[in-house]
Structure formats: C-alpha cells, structure tokens
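Hello,

Here is the model I promised to pass on. Please open it first; my notes follow.

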Amino acid sequence: MSTTPTETTTKSAARPARYGMVIDLDRCTGCGACMVACAVENNVPPARPEATPRTGITWMRVYKISNGAPFPDTRAAFIPMLCQQCGKDTPCAAVCPQEAVQADPATGIVDQMPQRCLGCRYCMTACPYHARYFNWWDPQWPPGLEKTLNPDVAPRMRGVVEKCNFCHGRLHAARARAAAEGRRELEPGEYVPACVEACPARAIVFGDLNDPASEVARLARDAQSFRILEKLGTEPKIYYRTARSWVRQAAAQTEKESAHA
Amino acid sequence: MGFTRRDLLKFSGGSAAGLVFTPVPWSLLHDTALWSENWPGIPQPPQGEVRTRYTTCTLCPAGCGVRARCAGDQPVSLSGVPGHPASRGALCAAGLVGHHLAFCRDRAREPLAHGHPVAIERALAAVTAAIAACGPRETVALFDPRPGRAASFVYRRFLSGLPNAVHCAPADAQPCGPFGVDLENTRAILSFGTPVLDGWLSPGRVLANRSHLRLIQVEAAYSRTASLADVWVPVVPGGEDAFAEAVARALQGGGADERAAEAARLLLQNKPAIALGGGAAVAKLNAILGSVGQPGGFLPRRDFTPATDIATVPDGSIRVLLIEEGSGGRPLSWDLVQRKLVPQNPLVVALTPWLDGCAQHADYIIPAPVYLESLDEAATPAGSVAAGFSLSPALLASPGKLTPPAEFVLRLAQDSASYADVLKDRVTAIRKEGRGSIFTYADAKSTRVAEIASAADLWKAMLGGAVWLDDRLPTATNLRPGALPAPESVELTPAYPLILIAADDPPAHASPLMSKLYRESGLRRPANAAIVHPKTGRGQGLQDGCRAIVSSPSGTFTVQTIFDPAVMPGVIEVAGRTPSAASIRRA
Amino acid sequence: MFLAGALAALALGWRGFPVVLFERVPQPVAFSHKIHADKAGAKCEDCHSLRDDGTFAGIPALDKCTGCHAQPMGTSAEEKRFIDAYVTPNREVPWQVYSRQPENVYFSHAFHVKLTHIDCRHCHGAQGESDVLGPARIDRISGYSGSPHFQNMDACEDCHRQRGAASSCLACHK
C-alpha cells in the first residue's frame, strides 16, 4: 500500500477567498425571513420558556432603529446583524483559551468550534457586535420537529458558544458538488448562505471580496457602503449600504445606544 | 516470603506509576468527555439521500412556489423557486418554516363532538338533519377562506342544491374582484390600510418592484408598512373616506388640506398610480387616477368566485355553518360569527387542522390536514394579472383520520369522488381549454398548455411542482373592481376615550422557531403588548413597561404597556383586535 | 514489588485494556467482498459510488443487493438466511460501520476520491479483497469507532499536513 498517491495536491485552493456580504438597508423591510432561514439551516432549537431576548440564540438578528423624529414623521430602518467575520485581530479568536475559534485563511470565515468550546464565554464579552450566543440549555425540540433537522449541521449541546459561520454546511455541499464535477474552484453563486437565499427583498449580496469582478467587491468599494464600528479596526467583512444619512449615523452608534424595542 | 502491607503499597504504587504510561487514564478521560458530548438528549438529524421536491405554499393567497430540500423523504428546509412568475423565487418567513406547522400544538387529530371522539358519519348525519330542519328564513352558510379554488367550486355546487344557502369568504380574499395588479408598471400606491410591505401579495414580487414605487400609507396604526412607507398619513378609523375625498378634490385641482395636497402631488408626479383599500371614495379615486384597465393599474383576469362577506349576512339567520379554516392566516372572528347564528340550536362544524380558533366553539370538529400533509391546491396567486392554478403536493406523511374539507362536503353531497378526483377534473378542464402556459419549478421552463400532449401529462407535470397561468385578457375599461367595505369609524365616549386598533397581527399558528425569533429580536411585539404614545400613556397614569388593563365594550384584558413616540396619540395598538373605543388603566 | 506492579500495570494497560474497552460487534451478514469481486466482477464503485451532487452512497442500501439476490445466486446457507431475513421482508441490513464518525465530522469522498485520487485501500485497508467482514470495534464508553485509522483525527491530520491540504477546523467539521 503506497503512502503517497501518484498525484499530490499541495494547494487546497488556487487563491484564498475572503467571503463577505453587503447588506442594503434601504431594501430590508424587517420581515425576519433571514432569521428564520438561518435558524432552520443551522438547527437552532426553539427557545425554552425561560429564554429572554438576552439568552436566546439568534445567529442572525434583525434590529429596528428609528430616525427619532416625532409622530407622524418617525421612519424605521432594520439592520440585520450577524457575525461580522472580523478580518484583523479577530477579538473572539484572540481571547479564546481553548483555541476553539479560528480565522480560516482559505475563506476568511471565523470558525467557531462548539466541540472545543468549554463555555467560559470570554469570546462573548470580547465580541463588539454581540454576535455570539451561548447554549444555556440543551436543545429541546417539540415532538416531531427533530425530524426536520438539517443533516449538514451538527446540533450543539448546552454549555457551548455558537455563532454564524456563513452556513458552512452549504460551503461543504457546494465544494462536494464541484468536486464531483472535477472542479476545485467554486463558481460565484454556487455557495450562498441561507439568509442570502431567503431574503425576499434581495437585500443581501454575498461573495468573495478578493474577487474584484464580484458584485460584493464592487458594492463594498461604493461610497454608500460602510461597516459598523469601523473605528475599532477589526476589519469586519459585512458591509452595509444606505442612501439615508440618518440610518448611517444611527448605525455608527453602538447597539447599546440604538433603539432596541 | 510473606506478602506484607508494605509490599501491597509498593505494588499499588508501581501499578499507579505504570498506569500513567499506558493509554488507560488518558483514554478514559478522553472517552468520558466524548460520551458527555453525545448524551441522548441531543437529537440526531435525519439520515438519507438528499432529494429536492417541489410544491406550492398554501398558507396565504400569494401561492408562492416552494422548493423543499429533503433528507430521504423528510423536508428539512424550504426555499423559493427561482423564476416563479408570482413569487420571484422568494418565500416569506412563515413560508420558510411551513414544514414545521404539522408538528405545532393544538392539532385536531380525530373527529370530535363537543370534545368527545365521534365517527365522522355522526357529524355528516347531524349536518344533513340540521339542513333538512332549516326554517324558511334560515340559511346554510359555508365559510371558505380561499375562494377561487376547485374546492370552492365543490362548495358552491353543494350549496346551490339547497333552498337557502350562502357561500362566504373573508372580505379581503379577493379585494379587487376579478382584477390583478400590474405592479411591475405601477409608480405610486396610495394604500388605505393595505399592508403593502408586510404580507400583501407575495413579498418577492412586491419587493422586486419596491424601488420604483412611491408608497403613501394611510392608516391609524404605526404598522411596519407605515414605518417603511415614503409617507405615513395617520387617520382615525373611519377617517379614510374623508381623506380619500380630500385627495380626490386635490387631484381635480380643488383645495384640500396639506396632507391630501402632498399626496395628490406625489400621485400626479408618479404615474401610473393606484389606490388600494375599501370604500366608495377609494373606488372614486381609482376612477380619477384612471387605474382600471390600464398598464400599471388593475388589469382584469378571467376567474372570479363571487363570495359573500359574512359580515353582510343578516344577523341571526344562519342555522348551519360550516367553517373551513386554513393552515395559515387569520382565524374567523367568533364575535362576528356568533351574531349571525340563529339563537336556537345552530349547528357549527369546524373543518380545521387546529383545536383553537373557531373549533373551540364548534359542535363538531372534522380534523383537516395541515399544509404539506395532503394533496392541496392554490388558486390564482393574489394580485396576479392572469388567472392561475397550482397543485400543492404533499411532502409529509399524513396521520390517519384526517379529512380534507372539500371531501367532507363531497360526502355531504353524497358524491363519491375524492378531492384528488376534483383536482384532476380541474386540470383536465385547463388542458381542454388549451389557454395559457405552465411554469415548471424543477427546470424553470414555461410550456404552452396547447403543446402538452394530454391531460395526464399536464397532471403529472403539475404534480411535480408547477403553476398554470392563463393568457392575459385584453383590457376593458368598462369593468370596475369590487369595492371592499370601508373600515367603520369608532365612537368615543367619556368611558372609552381612546381608540383600540390592531397592529401587525402575528399568524395564528406559527412554528415555535419563528415565534421565538420574533420574540427574542423584538421584531414583533408580544401578543399581550399595548403600544401607546408616551403622552397618552402618561395621561392615563401609565409607565413604560407597566401592566395595564384595557377595557372596551366587548370586554377587558390585561396588557404590558410599551411607550412608543411613533404611534398616534390617543390610540392603543394591540395585536389581533378589532377597532373599538377603549380605555386603559394601570393594573 | 514496585517494579512488579509497574510491569503488571503496563501489561494490563497496553494489552488488556483495549480488549475490555472495545466491544467487537459482528456484522449481521457474512458478506464476502472477494466472492463478489471475483465471481460477479464487481468493482468498488459498483456499490460504493459518488452521486452527482457530491454525496457518497456509502454502504449500499438493500436495493443494490436485491438487484441480483432477489433469488439465490449460489448455494450457501448464509445467502439463504440473508434472503429470508432481509430481502423477503424488505428490511434494511443494519450494517456496522467501521468508519462511523460522530455527528460533527464532515468528510467528503468527492474531494478525496475524485479530486485527490486517493485509493480506497489507503484508508479502508484491504477490505475490498477480504473474504470475511471482521467485527466492528466500538468503544464502549464513547460509542466511537475503534478502528485505528478512524478512531480520531491523527491519521487525517498527518496526511493533511504532509500535503498542505486544508487545516482549518470547519474544513472537516460541521
């Protein structure tokens, strides 16, 4: 039995990708389809009765902000919030004592390994976007609903932190499909996370920021696009865009300050 | 040599030291950790080959196409069908978890008579006897949540054989009568209470056209549509007509108040424009705007099932009432229904998947299958400018003892056909008429019906997931869209000085996942929340977040107060309530 | 005495403990790869194939067997027992999986077989040439496979490190 096959492949991808998103806040209507699609795709359990908005798990969470004008000129905007996939000095990766968080150089995705996590929740403190969630309880599915779990994503037990990983199960499936066709590279559009696919308003654009021809890279460079809490210097890969200046100003505040109804 | 205690200790010490150099302690630690991660409490996802199956969503009249990703035969996630003419490849939040509904609580599992299991024959016999015993001025009514289906045809055929019968439907089931909306060419919408951005037509279609629409929302509640519209015109319930008249005057060059003039300006600058809503004044607005029969406006289509709004049925006249409740959507208001029943011995049969809603008050409950459990149909997609039809094939195994509502009525009519036979007949009729084309979900291709070889081929194509759309009618300007009744105004009294209105009603039945996400994110207010303007709240002695009691002529209930400076002063917004005068005081 | 104790512990730990820890679960049917390869001319891919969407068929379902074995093909008693117990009542055979991985592991045969052209024997040994299917070794405490190659990440990590292949966590976990 040979230990080295005839064809060695030492590079897993021709060029590392940096997956990111551009979310158009002027299109988002706060319907929550992205939240629901995310929870279905990633086997997020229904809440216990004891769960509160702070202890629930919402990998994708839509916040509502308002322009602060008095009645009847109050206008609302909705901001879908998910793990921003920080690209530089990733705070959660830096503090984890278990090395359960890793910024993958090949895709730019910040991997969270619930199986390595010991549940100290230091990363939750470190995350400036409150995008990490703790499993306070074992998942409990109403009878029959456990049959609807997604086999591409492993359910987590209690005591571990979890967060958005850009639907890694879909990345695996897309790569496997490409591999079955003999391809190593993914075509644009072959891999989209659940929230991107579900949004009825097509508000989320997803792709490889390293690919200058991709729509997401083009939109990210646009003047109307900005990132939340950019001043922290974590280089998040989620861009938001809006033509409304009040939305831009409100999004520049921290989540504590913005209206969380 | 004797084996002393010292020897034993040395032996043990040596074993311990030696053990450390074996895999034993490390393996035990490691394996115990692994064992603790795989407690039986953690569910195992289903195993099975990944397959894709197609169906149509029947939770609301939008009729979106659904692509189901299945592990083996079990759907594990749903998504839209790219290229679908009505839904544009999108599903709403409720549609994305439609496959959870079958497992929600409060399922009716077997026929019940006042809570006790019965054979379905008993219910059939009771209904037949009650119909025979109807007096000269008593009616038999059937409430159909989705008129326009082949099932609706079954209902009408049955009812037409009775001396005094009425086919009822929700007032907003076919708001524009035999018209669809040419949204792709519309440039402005003046909406009187229609939730344009939050459950009107299919979200994929509306939002695909949002960028070229100016939206003016006229309603009392600060709904999600109102908060996202270009302009929100708050009016008290009943004030819609006056505002519509004012806009009509402004459109014709007459004087009007500032808000009406601004609205008229927007409509004139962004043509074609339409007005959505109920009342004669809105119909007049549409006539002035010239929106009927014109591109960008209301275009006529072939189908229409004339059904009666149950609110217009005379009070105290219904002797036998059959209520079909769907898997999704708003349940019928029992307060309204009760008024219409005869005072002595009415018979109410609920044909419903759920035990709550009208089933709580029904004499008989005939359990119906939930969305995805049995072959169903979707009528013309809401707002479509061409008549349409699609099948909703089952994706889940149906538990026994369920009866599709149409089959109950077929058995009442002593018709031995099954619901599937009725649907096959409908498809055969479509093939025979030879008009229109079908869009098949799996390959996103459109085929003219005339090119399909046989009715059996068409049936097979529709079972695989497809939607049939008729050819468009040539426009005709002599048709008028049906008018919804205008919302009633609310009489304020000193005892009830505030207006209670509904706000962003959540669906009656939802996947526990969806409810949890809305609750945790705060995106939808809890069912017992009462939202008031801070001035109104403080004027009534309330504090933000306090418990309060809301009283109205129809009763009292407890709420959690939420202050929101965006809502109209003088108004209390609570989900699921009909507009009425009310008062609120601290609990 | 100390030395005796140490030696006893070493012996027990290295020889005795694995015997106790791993449960040897026999396969339900005495399937012979050799017979099927020789007499039926079957190759690995005939039963263990890659689907178009990149998923792997793994251990074949009953319909692969009934394709030929609806009626007895040979004269062995084992085949007759197989037909009576599984084919006739249309019951899936509860095969033991030597390489069963926990729920959170993701392995793509498409990548390793189609793109990297690794031979089946590299990971699965000479299984395809065997006459008998050995018992599966299952760890009694953790329930994981006791087969050396599949027990933990070591073999995977070694090969990945040698080839410079993906080394991020989520490349192989889900």
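Start with chain C. Its radius of gyration is 20 Å, whereas a compact globule of 174 residues would have one near 16 Å. Note that this is a predicted model. Along the principal axes, the C-alpha atoms of chain C fill a box of roughly 65 × 40 × 30 Å. Of the 174 residues in chain C, 14% are buried. Nine helices and two strands make up the secondary structure of chain C. Their order along the sequence is α-β-α-α-α-α-α-α-β-α-α. Take the contacts in chain C between residues at least 6 apart in sequence: 69% of them join residues at least 24 apart.

The mean pLDDT is 85, and 100% of the residues of chain C reach 70 or more. For the complex, the predictor gives an ipTM of 0.91 and a pTM of 0.91.

Now chain A. Its 261 residues would have a radius of gyration near 18 Å as a compact globule; the value for chain A is 19 Å, which agrees. The box filled by the C-alpha atoms of chain A is roughly 75 × 45 × 35 Å along the principal axes. Buried residues account for 51% of the 261 residues in chain A. The secondary structure of chain A has seven helices and 10 strands. Among contacts in chain A between residues at least 6 apart in sequence, those joining residues at least 24 apart come to 64%.

The mean pLDDT of chain A is 88, with 91% of its residues at 70 or more. Where pLDDT is low, the predicted coordinates should not be read in detail.

One residue of chain A is worth a look. A:Asp111 sits in strand β5 (residues 110-112) of chain A. Is A:Asp111 buried or exposed? A:Asp111 is buried, because 20 other C-beta atoms lie within 10 Å. Leaving aside neighbours within four places in sequence, the contacts of A:Asp111 include A:Val101, A:Gln102, A:Asp104 and A:Asn165. A:Asp111 is also in contact with C:Ser168, C:Cys169 and C:Leu170. A:Lys237 is 126 residues from A:Asp111 along the chain, and 14 Å separate their C-alpha atoms.

Next, the contact between chains A and B. It brings 51 residues of chain A together with 48 residues of chain B. On the side of chain A that touches chain B, α1 (33-41), β2 (61-66) and α5 (194-198) of chain A each supply at least two residues. α1(A) gives the most to this side, with seven residues. By class, the side of chain A that touches chain B has 29 nonpolar, 13 polar and nine charged residues.

Chain B also touches chain C. Here 22 residues come from chain B and 23 residues from chain C. In chain B, α1 (5-20) and α2 (24-37) each supply at least two residues of the side that touches chain C. Which element gives the most to that side of chain B? α1(B) does, with 10 residues. The side of chain B that touches chain C divides into nine nonpolar, 10 polar and three charged residues.

Chain B itself comes next. The domain assignment gives domain 1 (5-37), domain 2 (183-296) and domain 3 (498-586) of chain B. Taken over C-alpha atoms, the centres of domain 1 of chain B and domain 2 of chain B are 79 Å apart.

Last, one helix of chain B. Helix α13 (residues 419-433) of chain B has 15 residues, so at 1.5 Å a residue α13(B) should span 21 Å; its end C-alpha atoms are 21 Å apart, which agrees. The buried residues of α13(B) are B:Tyr419, B:Val422, B:Leu423, B:Arg426, B:Val427, B:Ile430 and B:Arg431. These buried residues pack against several elements of chain B, including α5 (150-160), β18 (376-378), β19 (388-392) and α12 (405-412). They also pack against α14 (455-463) and β22 (466-469) of chain B. Just after α13(B), B:Gly434 has a positive phi of about 70°.

Best wishes

Methods
Residues are numbered from 1 along each chain as its sequence is written. Chains are lettered from A and ligands numbered from 1 in the order in which they are written. This is a predicted model: local features need pLDDT of at least 70, side-chain atom pairs count only at pLDDT 80 or more; totals for chains, interfaces and linings use all residues. Two residues are in contact if their C-beta atoms, placed from the backbone, lie within 7 Å. Helices (H or I, at least four residues) and strands (E, at least two) are DSSP runs, numbered from the N terminus. Ala, Val, Leu, Ile, Met, Phe, Trp, Tyr, Cys and Pro count as nonpolar, Asp, Glu, Lys and Arg as charged, and the others, Gly among them, as polar. Domain bounds come from an automatic or database domain assignment. The radius of gyration is taken over C-alpha atoms; the globule rule is 2.2 Å times the number of residues to the power 0.38. A residue is buried if 20 or more other C-beta atoms lie within 10 Å of its own, exposed if 12 or fewer, and partly exposed in between; C-beta atoms are placed from the backbone. pLDDT is the predictor's confidence in each residue, from 0 to 100. The expected span of a helix is 1.5 Å times one less than its number of residues.
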